[in-house]
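Please read the following note alongside the sequence and the model.

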Amino acid sequence: VFVVSVIGMQSSAKSTLLNYLFGCGFETRAGRCTKGLYASYMRTAELDLLILDSEGLMSIEGEGRDFDNKITLMAMACSHAVIINHKGELSKQLQELLEVAVFAMKNLE
């Protein structure tokens with residue numbers, strides 16, 4: 001099973017992107033619609049795919065920086081490929097979040 005996940009800011013169209021790329025059928029709308037981590041499994045002729053859609057990072061309704069760290073680490077630790085859905089340059093907050101997750105992954109081994 002090949003695992004692909006997406007992370008990014010709230011309302012950055014992560015679910016829409018996965019629906020377009022893989023035909024997943026994740027719920028989409030303006031504002032928050034993914035809470036936690038959602039999964040979609042699909043089988044192709046070449047391989048089996050597990051697609052992970054994550055809750056938006058740094059959201060107003062979110063549970064704070066600790067939750068963002070955990071959701072980012074979860075997506076990165078269990079995926080073969082991680083899509084970082086972000087428009088423009090990476091913000092300082094997102095860059096620091098990714099650095100923390102990469103550091104934590106190195107210490108998991």
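Is strand β3 (residues 48-54) largely enclosed by the rest of the structure or largely exposed, and why? The points below begin with this matter. The structure is a predicted model, in which local features need pLDDT of at least 70 and side-chain atom pairs count only at pLDDT 80 or more, while totals for chains, interfaces and linings use all residues. Residues are numbered from 1 along each chain as its sequence is written, and side-chain values use heavy atoms, with hydrogens and water left out.

1. Strand β3 is largely enclosed by the rest of the structure because five of its seven residues are buried. Here, buried means under 20% relative accessible area, exposed means over 50%, and partly exposed lies in between (1.4 Å probe, protein chains only). Strands (E, at least two residues) and helices (H or I, at least four) are DSSP runs, numbered from the N terminus.

2. Strand β3 has pairing partners, two strands being paired if DSSP finds at least two bridges between them. With strand β1 (residues 2-8), β3 pairs in the parallel sense over five bridges; S5 stands opposite L52 of β3. With strand β2 (residues 37-43), the pairing is antiparallel and runs over seven bridges. L37 has S54 as its bridge partner in β3. β2 and β3 form a hairpin, with four residues between them.

3. The model has four salt bridges, a salt bridge being a side-chain nitrogen of Lys or Arg within 4 Å of a carboxyl oxygen of Asp or Glu. One of them joins the side chains of R65 and E96 at 3.3 Å, N to O. This pair links distant parts of the chain, since R65 is in helix α2 (residues 65-77) and E96 is in helix α3 (residues 92-108), 31 residues apart. Both count as partly exposed: R65 has 47% relative accessibility, and E96 has 27%.

4. E96 also forms a salt bridge with K92, and their closest N and O atoms are 3.8 Å apart. E96 and K92 are separated by about one helical turn because they are four residues apart in helix α3. K92 is exposed, with a relative accessible area of 60%.

5. D66 counts as partly exposed at 48% relative accessibility, whereas K70 counts as exposed at 54%.

6. Which residues of α3 are buried? They are L94, L97, L98 and A101. Seen down the axis of α3, the buried residues fall within an arc of 95 degrees, so they line one face of the helix; the arc is that of the directions from the helix axis to the C-beta atoms. The face turned away from this buried side carries the exposed residues K92, F103, K106 and N107.

7. A nonpolar patch on the surface is formed by V82, I84 and L90, with about 220 Å² of accessible area together. Patches are made of residues with over 30% relative accessible area and no salt bridge, like charges being joined within 9 Å and nonpolar side chains (Val, Leu, Ile, Met, Phe, Trp, Tyr) within 5 Å. Accessible areas come from the Shrake-Rupley method with a 1.4 Å probe, and for residues only the protein chains shown count as cover. I84 lies in strand β4 (residues 81-85) and counts as partly exposed at 39% relative accessibility.
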